[in-house]
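Visitor: Could you walk me through this one while I have it open on my screen?

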Amino acid sequence: MVDVSANAKVVGYNVTENGRLLRRFASVERRSMRILAAWLPEIAHWETKKAVARHIWDEAEHVTWLRQRLGELRGGRPDTDADPGMVQLMNEVINAPHTAGLIGGLYLGVKRHLLDGYKGHINKTNDIVDAPTIKVLHRIIHEEQQHLTWAEAIYEELTRDETVRRQAEEWSTYIDGLIRSLGPFDALMLIAEPAPSPPRSYTPFRRSMKAHRDDRFDVRPAREVYKTQKQMNAETHEESIISNFQIYATEMWAAELVASCIYDAPYDMPWEFFYDLAHQCWDEARHAAMGELRLAEMGVSLSDFPTAVSEYERGVRMPMLHRFCDLTVMAEAEHIHVRRPRLQKYLEGGDLRSAEFVDYDWSDEVNHVRYGFRWVKYMLEGDARSLDDLKAEVWEWRRRLSQENPDLRLPPYFEMEE
Ligand SMILES: [Fe+2]
Ligand SMILES: [Fe+2]
């Protein structure tokens, strides 16, 4: 007798059935990522915002792992046969009334049922022939379980207000009804059309063009928050650490801007585009967290200095192509040279902590510049415009926006030293 586990003895999913379910899972993960990207600027609560930026990246990895496994399983094109009922559900989840509703509907609703679906899938597939799927699903389950545990705690915190709680509950009940009307996520056939109708408080999602911050922040336009490169170069070591890490702490605007590109990009962009941007989004949120931590170590809290979100509000007014070019090929590429001397300065000053942080930031920014050139060039394929023509158009936007609204002027650090 061969010594095998109970699951090796079952006749599990065949390859076609397996592919069908994995395509569904990949589609739910991808749509979750897009919903989180849409919401990132709208979320005011700082801790929630940082966590959501991380989850955007986690979801992007889940999609990638599922797509890789689908590729091994003769799985075809992952995006072609998303279940209509599931699409309808995900098109509704984005319309949450507020952040608490988003957590209630997406995390405590959809993602909880997705987690159950993954566990069900593992139980129903053969663990010898389909072991690679099981391995992938275990990796995803581990992170989805973390998301759920986080969501349960943050939901309590965000629903202390009576009205918010009532709206969040009403919304979650609606989403739960849609989910239940589809059947379990690991059923081979879902019911095609979700039944319940939306609550009375229903408002379709619309991005507000603003990047929201909670009460701890003192939000002002970029020109009042940042210094010129020349001013920063003249600072003492102590002053320059504070200035630099204050800039890092404001970098959430860049995460939000990249998230807006994920949301606004055509769905048929290559998957690798979304994957790269999800990484960049999380990186920028980590740069903000890094700034926050280094300042805290020096006794400076988030409320002790002004923050700016106007770089988000400037960028989001441009088309996605110009927005992404403005951030990566123009701003990030043109500021990469300040990294080496900054690191050198901290190392020479014996400040290994600050050096550690800026060293990693430098690597991340090199990747962002690479993503920028890669995808801007891709988006310009077959286009009459050259990269220089596109940059000229971005400059037109920059000038026009600063004329329309002085708060949307370029930040002072753009005035580079001669
Ligand atoms: Fe950054
Ligand atoms: Fe960056």
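This is a predicted model: local features need pLDDT of at least 70, side-chain atom pairs count only at pLDDT 80 or more; totals for chains, interfaces and linings use all residues.

Visitor: OK, how is the chain divided?

Guide: The chain is divided into domain 1, which covers 13–182, and domain 2, which covers 218–414. Their C-alpha centres lie 29 Å apart, and the contact between them takes 15 residues from domain 1 and 17 residues from domain 2.

Visitor: Which helices supply the domain 1 side?

Guide: Both α2 (15–39) and α3 (46–72) supply at least two residues each to the side of domain 1 that touches domain 2, and it is α3 that gives the most, with nine residues.

Visitor: And what sort of residues are on that side?

Guide: On the side of domain 1 that touches domain 2 there are nine nonpolar residues, five charged and one polar.

Visitor: Switching topic, at what angle do α14 and α17 pack?

Guide: Helix α14 (residues 320–335) packs on helix α17 (residues 387–404) at an angle of about 105 degrees, and their axes are 10 Å apart. Because angles of 65 to 115 degrees count as roughly perpendicular, α14 is roughly perpendicular to α17.

Visitor: Which residues meet there?

Guide: From α14 come H322, C325, D326 and M330, and these meet L390, K391, E393, V394 and W397 in α17. By class, that contact has five nonpolar, three charged and one polar residue.

Visitor: Last one, how far does α12 reach?

Guide: Helix α12 (residues 271–297), with its 27 residues, reaches 39 Å from its first C-alpha to its last, which is close to the 39 Å expected at 1.5 Å a residue. Just after α12, G299 takes a positive phi of about 80 degrees.

Terms used
Residues are numbered from 1 along each chain as its sequence is written. Chains are lettered from A and ligands numbered from 1 in the order in which they are written. Helices (H or I, at least four residues) and strands (E, at least two) are DSSP runs, numbered from the N terminus. The expected span of a helix is 1.5 Å times one less than its number of residues. Domain bounds come from an automatic or database domain assignment. Two residues are in contact if their C-beta atoms, placed from the backbone, lie within 7 Å. Ala, Val, Leu, Ile, Met, Phe, Trp, Tyr, Cys and Pro count as nonpolar, Asp, Glu, Lys and Arg as charged, and the others, Gly among them, as polar. Axes are lines fitted to C-alpha atoms, for helices over the stretch in contact, and angles run from 0 to 180 degrees between N-to-C directions. Angles under 35 degrees count as roughly parallel, over 145 as roughly antiparallel, 65 to 115 as roughly perpendicular and the rest as oblique.
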